[in-house]
Amino acid sequence: MKTGAATGEPLKIGFSNLEGGAISLPEVRYGAEAAVKLINEKRNGVGGRPIELVPCAVDASPESSVDCANKFVEAGVQAVELGVDPSADAMLPILSDAGIPVFGHAAFGPQQRQDPNVVLFGVSAPAAGLGPLQYFAEQGAKSVVYFLADTPSSRDFTDSVLDPSAKSLGLKFKVIYYSATAADWSVLAATAMSENPDVIGSPSASEVDCLSMIPAVQTAGHKGPIFAAACSLFSTILGPAAVGVLTYSDLWSPTDPNTPADRQAEVAMYKDAMKAIDQSQFAEKDSFALGWFADTMNFARILTEDGGGDLSGSAILKTLKSTKNFEGFLGPVISCDGSAWKGETACGNQLLLFKTTESGVRNAVTDKFIVVSPQG
Amino acid sequence: MNQILAFAILGLGSGAIAAGLAIGIVTTAGSTGAVNFGYAAMVMWAPFVFDELTKTGRLVLPVGTIDIGPTSVMTALVLGVAVAVVVSLATYWLVFRPLRRTSVLAQTVASIGVLLCMQAWVALRFGTDPRVVGNVLPNEPLAIGSVVVPRDRLFLALAVVVLGMLVAAYFHFTKAGLATRAASQDEVGVQLAGLSPSRLNALVWVIAGFAGGLILILAAPTRSLTPTSYTLMIVPAMAVALLARFRSITVACLGGLALGVVQSLLTYTSTQTWWPKWAAAGMVDAAPFILVVVALAINGRHLPGRGEGASSAMPPVSRDSLGGRATALLTMMFLVALMVSGGSLRFAVITTMIMAIMSLSLVVITGFVGQISLAPVALAGVAGFVLSAVERRTALRFPVSPIVAIAAAAAVGFLVSLPALRIRGTQLAIVTLAGAVTAEQFVFRNPQLSPPAGNLISNPRLFGIDLGIRSGSSLARIQFGLLVLVLLVASLLGVRFLIRSSFGATLLAIRSDERAAASVGIHVARTKMAAFTISAALAGLAGVLIGYSRGQLSADSFTVFAGLSVLTFTFLGGITSIEGAVFAGVLAPLGLAYFAASRFLHLGENYQLVAGLALVVSVLANPEGMSAQNRLLASRIKTRLSRGTGQVGTSDA
């Protein structure tokens with residue numbers, strides 16, 4: 001790989017992210033910005049062209065996402081990277097019509113999971129739900145209860161993936177749906193406990209929901225494993241209640257001493273890059289910054305390894321979609337040609353499960369990624 | 001049996017919050033007559049101040065911070081409640097007191113501004129990271145059969161019952177409380193008795209701040225604390241306040257607790273295998289509203305009682321607004337705007353026109369008939385989702401598919417009109433809000449009706465001509481813009497024809513005084529039903545155009561808060577005038593004002609606070625909306641130029 005500063009015509013990448021409102025996640029953008037700085041100054045950009053990030057803040061309303069999409073089209077971006085944008089589905093028809101491919105880490109809406117113009121570097125939603133079930137079954141669990149937000153896609157996900165897969169794994173399985181806006185977690189926890197499960201948790205709960213779910217489930221008397229999606233805030237806020245809680249991620253953790261030795265160079269690169277933009281505090285703990293640092297690094301490397309010639313929207317999409325057996329930054333081997341999970345835009349079908357320790361640090365429970373396969 | 005008891009006790013937690021908020025809403029509604037959508041956001045200062053004090057010893061005020069040092073739970077509780085009281089009193093004095101003689105609508109819109117301000121202000125002062133608040137009440141687990149229940153739920157219920165009794169006792173047994181109730185009917189009489197209605201009302205707001213602040217602190221450990229946690233609880237709290245007819249503290253208290261119990265039991269039973277699948281989605285959120293609607297429809301009256309009288313202080317309606325020349329001028333302006341603009345600016349012009357049609361639906365039903373309805377946005381959503389479903393499941397396409405969708409919205413609008421035959425005023429507003437919640441849960445988020453892959457809408461085509469909004473990088477094609485302009489002009493002319501017709505006269509007669517209208521032979525029920533249906537059709541038209549302009553729809557564009565937002569813009573634009581709907585379109589999300597703010601004002605994290613403050617200030621400066629001010633100005637100019645005014649005011653009693 002060529003090194004040094006990139007000097008060609010900028011490659012514009014739109015970046016939409018939830019910022020400035022009642023919920024604000026600027027660290028997502030910081031991760032992308034740190035990667036862009038590293039790529040531009042040390043890795044010769046993408047085929048010699050520096051990346052220019054065009055950020056746009058959203059407030060979780062479809063209207064703000066539409067406005068950002070319009071801005072991106074007018075700014076002439078070649079691609080759009082999705083940060084945390086709960087209403088990103090609203091952008092897709094606009095960007096698709098304009099021939100602007102979309103990439104990101106995980107889907108925040110149902111259309112992102114199926115739109116042919118989208119590539120997501122993270123683990124697919126079905127694998128994120130199913131992978132832990134596989135692990136729990138291997139560990140001897142007989143009964144699992146999941147909490148899922150009450151949406152049409154969640155119910156379809158349960159009917160088409162989770163229920164048949166759990167049956168195939170020999171698990172007694174139940175999903176309890178909760179209102180995304182007004183969940184009473186003590187009631188939900190008691191409802192879950194009425195099933196006498198070995199494991200209780202959620203593959204998709206938000207940070208706010210995890211903070212309520214974990215104590216509620218413990219207060220309801222559950223003594224077995226608690227699975228808290230990809231949440232991380234609880235480990236610093238809940239204190240002793242966080243010990244032993246399981247979470248998942250599709251990336252090695254920069255704070256986990258169990259991260260393999262051959263990945264430590266990537267950990268150091270991430271920490272140095274975040275320090276270079278004066279945001280090192282996010283690299284010293286588990287934060288969203290890592291996911292988007294990794295995505296941006298993957299994006300640049302995929303295009304560069306392809307030769308970095310034609311960087312039009314259609315060419316970028318074609319290159320991304322032809323990615324196969326690519327080892328992601330601090331992540332597993334991914335393939336974006338649709339083979340990771342049929343019908344999904346996600347490139348990954350592997351994940352890690354972490355257990356929270358007394359110090360708040362998460363340790364991987366396996367020494368390699370768990371490969372998730374469709375069941376049933 | 002043990003399990004039912006256990007789940008009932010568990011439900012007391014959220015029930016206590018709903019009850020506490022409802023007590024505050026009923027209390028303040030009694031003094032101002034208006035519903036305060038910002039109440040929960042106002043009193044949520046209390047748990048944030050409490051949590052910050054107990055964790056860091058810092059007293060974070062709306063302005064300024066004082067380092068107190070290690071603070072006991074009791075001290076933090078007292079200070080937290082005190083801050084909520086001060087915020088509540090300040091809100092009354094600065095916002096609701098100046099507006100006390102304006103319309104219920106003006107006060108409602110101002111309360112939405114209060115909601116935005118407070119939510120943003122709390123986020124700026126305390127950050128947006130979620131918090132877990134330490135226990136205040138004893139929380140040891142209590143086993144009821146096989147279910148473990150946190151003990152604090154029982155204490156919470158007890159606290160809210162005691163609080164409700166104290167507040168009710170104030171209004172029934174103290175001189176100040178009785179005088180407050182009297183002042184809500186007749187301020188002059190109370191003044192003649194030597195009492196100050198303003199001071200009495202201020203005391204009421206102190207009580208409301210105390211009640212809400214205290215309950216939210218006690219209940220804070222039951223859920224994660226974020227700036228949006230309690231804002232969303234205003235909707236079920238409104239349902240409870242409605243059940244209490246905005247009058248009875250006792251019903252508000254017991255109703256809130258009952259609501260929590262019902263929702264808890266529904267959460268449990270809806271997971272059972274015998275529960276019908278069609279009712280599994282959204283039942284917990286929607287069912288309480290359904291019960292409220294049924295209860296009020298049964299208890300309501302076909303005509304208002306003697307003295308219940310006219311809609312309070314609505315701005316007058318001009319039957320001569322937007323004449324031929326004005327319509328032509330407006331058409332030319334939009335046409336020129338479409339031709340000279342491009343890209344996202346033209347998209348904003350198109351969205352302005354679509355939202356003007358949406359606002360017209362509110363002008364018809366609220367401005368002309370005096371029925372405060374929060375359903376139009378939900379009805380627009382019904383049309384949009386039906387359009388997507390029709391195109392997905394049948395071979396029907398434009399123009400037949402949107403006509404079917406609009407007809408569906410009109411049919412639902414007809415159903416929405418049925419409660420309106422027996423309920424009116426603020427209560428009708430909440431019932432229509434209930435309808436919007438039900439639509440959101442049972443239609444937009446129902447997996448049986450809404451496919452997991454999303455609600456896609458293809459471009460409209462007519463005789464082979466693509467009328468779609470987008471093509472490639474062209475964000476807003478002129479063809480779609482012209483389609484929308486034609487439909488906007490047709491809607492404006494249609495509504496103008498409506499208000500100038502004899503049917504329009506009957507609408508205004510009903511708005512002025514339903515009893516008087518009935519006494520001269522106007523069939524009030526049939527007229528209302530027709531008006532709701534026409535309003536719903538306009539909303540449906542806006543809904544299908546929104547669908548075509550986006551290419552897809554999500555439920556988040558048609559939520560309760562989206563409905564409040566449209567009501568706000570329509571009010572600011574001028575809810576009793578046709579041209580006001582056009583102003584409203586300019587102000588609406590993705591309209592021209594939004595475009596300008598998004599491109600030229602980089603307010604960052606201060607955006608919501610500035611928007612909320614601007615809204616409150618706008619209402620204070622223009623309690624009848626901007627078009628009323630503009631019409632007043634135009635009238636003065638005409639008088640100066642010695643030409644007659646065209647205003648045929650339909651003033652209210």
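These legends describe close-up views of a predicted model. Local features need pLDDT of at least 70 and side-chain atom pairs count only at pLDDT 80 or more, while totals for chains, interfaces and linings use all residues. Residues are numbered from 1 along each chain as its sequence is written, and chains are lettered from A in the order in which they are written.

**View 1. The two domains of chain A.** Domain 1 covers 11–122 + 260–348 and domain 2 covers 126–254 + 353–371; such bounds come from an automatic or database domain assignment. Their centres, taken over C-alpha atoms, are 27 Å apart.

**View 2. The contact between domain 1 and domain 2 of chain A.** Domain 1 of chain A gives 18 residues and domain 2 of chain A gives 11 residues, where contact requires C-beta atoms, placed from the backbone, within 7 Å. On the domain 1 side, helix 9 (264–276) and helix 11 (289–305) of chain A each supply at least two residues. Helices are DSSP runs (H or I, at least four residues), numbered from the N terminus. By class, this side of domain 1 has nine nonpolar, five polar and four charged residues. Ala, Val, Leu, Ile, Met, Phe, Trp, Tyr, Cys and Pro count as nonpolar, Asp, Glu, Lys and Arg as charged, and the others, Gly among them, as polar.

**View 3. Helix 4 and helix 5 of chain A.** Helix 4 (residues 125–138) packs on helix 5 (residues 152–168) at about 25 degrees, with axes 10 Å apart. Axes are lines fitted to C-alpha atoms over the stretch in contact, and angles run from 0 to 180 degrees between N-to-C directions. The two helices are therefore roughly parallel, a term for angles under 35 degrees. The residues in contact include A:L130 and A:L133 of helix 4 and A:F157 and A:V161 of helix 5.

Notes:
Contact = placed C-beta atoms within 7 Å. Parallel < 35°, antiparallel > 145°, perpendicular 65-115°, else oblique.
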